[in-house]
Amino acid sequence: MAERTVTVTDNTTGKVVELPVLEGTNGPRTIDIGKLYKNLGYFTYDPGFVSTASCDSQITYIDGEQGLLRYRGYPIEQLAEHSTFLEVCYLLLHGELPNKDKFDAFENRLKTHTLLDEKMRRFYLGFHNNSHPMAMMVATVGAMSAFYHDQIDVHDATSRETAAYRLIAKVPTMAAWVYKYTVGQPFIYPDNRFDYVTNFLYMMFGLPPVNYRPSPSFVRAMDLILILHADHEQNASTSTVRLAGSSGANPYAALSAGISSLWGPAHGGANEAVINMLEDIVQSDKDVNYYIERAKDKQSQFRLMGFGHRVYKNYDPRAKIIREVCHQLLGELGEDNPNRPLFDTAMELEQIALEDDYFIQRKLYPNVDFYSGIILRAMGIPLNMFTVIFALARTVGWISHWKEHMSDPQARIGRPRQLYTGEDQRNYVHIDERD
Ligand code: CMC
């Protein structure tokens, strides 16, 4: 029996059950309710998983009250300042920061997987010409399960690692190609002389007749955005990947499910929704205060996109880092920049919301996607690619969680229960006899 327990008493029957309390390295103590149903006949009810840990994990730690985020124990602020996205990928995947030799071997191995099977080209050509890039990502990442199905044994560690490397290496190529398809430009093949992030930008913005090279500041800004989005413990998309993978499904299919979950505006789609909202404000004849009042009005469905977070009830630490970059970038933009009205509106909104009682009382601060949306716009990234870039960054987080789940000998298929509130049993009535 665990040292600490919690006793649950059924006040109607008098039955008692003692439940073990689990302690992690950090974070709240956790009551293990696994025996509750067997011993007391009750389920627990927690829609939205507000108080429920769905698994134990060693990858990422968040403290929402203090505004902390750590990957494998390392504070996000230190990683953002000193590390690179590829090093963070190694850390998330393998649990430790690599030495120079290990990093070089990691990078070189990834480079052997950057190409897509040439038959994938035809897959892209089948999409409608105005398909959303996230729809194409869901389909093409899922389609990888058709290309690599025979080679994956999800119960074999080596096979799982190969799938992880393939995904981390190929997703930038896939992300760049969905963009190329939407703008009608030729697909650009990866060039392994470049580092990971440069290669992605080269495939996205390069053209055969042009010797395109992204500037170092462009590469660094993108690298930072990728580091900040690389993992975020058991969020909706990561939980989706774990749940889909828990049945033993192919990892490419499980990741495709994660990409679907990420797409929504309450999750990864928020960075795109932020710009749509700012454009609406700029184009309307109403001022920012009108939108603030609308967001506070409970009769309206409108929410300020890029504000609030399920876990961070202090400040989102990623937002703190990226806010500085955002303000610096906007300060450097000329007054005649076509996006100036949009950026000015964003800054006005940020200031009003930070001082408004409604937002202060509910601890609704700007989140990472408020600033990443603005930065991506300032960098000239097309709006419909914002969430794709989030997916690119999160691929390493998803696959690390999938690997963790699959390598746990105690892992079982995820199977939530429910509180049934539908009709009680009733008898079938023939169609001629129904009202
Ligand atoms: N604008 C106005 N009011 C809000 C907002 C908002 N953006 N977010 C929450 N509220 C209010 C909400 O109406 C509720 O008020 P009351 O207590 O009076 O009923 C209170 O704040 C708590 O909201 P909730 O819906 O219970 O909070 P949640 O934890 O379920 O939702 C959220 C978190 C992120 C989905 C939500 O804040 C939201 O919809 N934000 C806008 C979308 C967004 O920016 N999402 C990106 C999240 S960060 C990226 C990621 O990690 O995926």
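**Note on the predicted model**

1. Start with the second largest pocket: α14 gives the largest share of its lining, 6 residues. A pocket here is an open set of points on a 1 Å grid over the protein atoms alone, with protein on both sides within 12 Å along at least five of seven lines. Lining residues have an atom within 4 Å of a point. Helices (H or I, at least four residues) and strands (E, at least two) are DSSP runs, numbered from the N terminus.

2. On the basis of the note: this is a predicted model, where local features need pLDDT of at least 70, side-chain atom pairs count only at pLDDT 80 or more, and totals for chains, interfaces and linings use all residues. Residues are numbered from 1 along each chain as its sequence is written, and side-chain values use heavy atoms, with hydrogens and water left out.

3. The second largest pocket has a volume of about 330 Å³. Its lining holds 13 residues, and Ser217, Ala221, Val325, Leu329 and Glu332 are the closest to its centre. α9 (216–229) and α14 (317–332) each supply at least two lining residues. By class, the lining has 8 nonpolar, 2 polar and 3 charged residues. Nonpolar covers Ala, Val, Leu, Ile, Met, Phe, Trp, Tyr, Cys and Pro; charged covers Asp, Glu, Lys and Arg; the others, Gly among them, are polar. A volume is the space filled by probe spheres set on the points, which are joined across faces, edges and corners.

4. There are also 3 cavities of 30 Å³ or more. A cavity is a set of points where a 1.4 Å probe fits but cannot get out. The largest cavity takes in about 110 Å³ of space. Of its 15 lining residues, Lys111, Thr114, Asp195, Tyr196 and Asn199 are the closest to its centre. Two or more lining residues come from each of α4 (100–111), α7 (157–183) and α8 (196–205). α8 gives the most, with 4 residues. The lining splits into 8 nonpolar, 4 polar and 3 charged residues.

5. The largest nonpolar core has 122 residues. Such a core is a set of buried Ala, Val, Leu, Ile, Met, Phe, Trp, Tyr and Cys residues joined through side-chain atoms within 4.5 Å. Met222, Leu304 and Ile381 touch the most other members. α7 provides the largest share, 14 residues. Beyond four places in sequence, Leu304 touches Met277, Tyr291, Ile292, Ala295, Leu349, Ala353 and Phe359. Contact means heavy atoms within 4.5 Å.

6. Thr238 sits in helix α10 (residues 236–245). Thr238 counts as buried because its relative accessibility is 0%. Buried means under 20% relative accessible area, exposed over 50%, and partly exposed in between (1.4 Å probe, protein chains only). Leaving aside neighbours within four places in sequence, Thr238 contacts Asp231, Glu233, Arg394, Trp398 and His401.

7. An open sheet of 3 strands runs in the order β1-β2-β3, with antiparallel pairing. β1 (5–9) and β3 (30–31) are the edge strands, each pairing on one side only. Strands pair if DSSP finds at least two bridges between them. β2 (residues 16–22) and β3 are joined by 2 bridges. Val21 has Ile31 of β3 as its bridge partner.

8. Two backbone checks. Phe49 is not a glycine, yet has a positive phi of about 50°. Phe49 is in the loop between α1 (36–40) and β4 (60–63), and at 53% relative accessibility Phe49 is exposed. Arg72, also not a glycine, has a positive phi of about 50°. Arg72 lies in the loop between β5 (68–71) and β6 (74–75), and is partly exposed at 22% relative accessibility.
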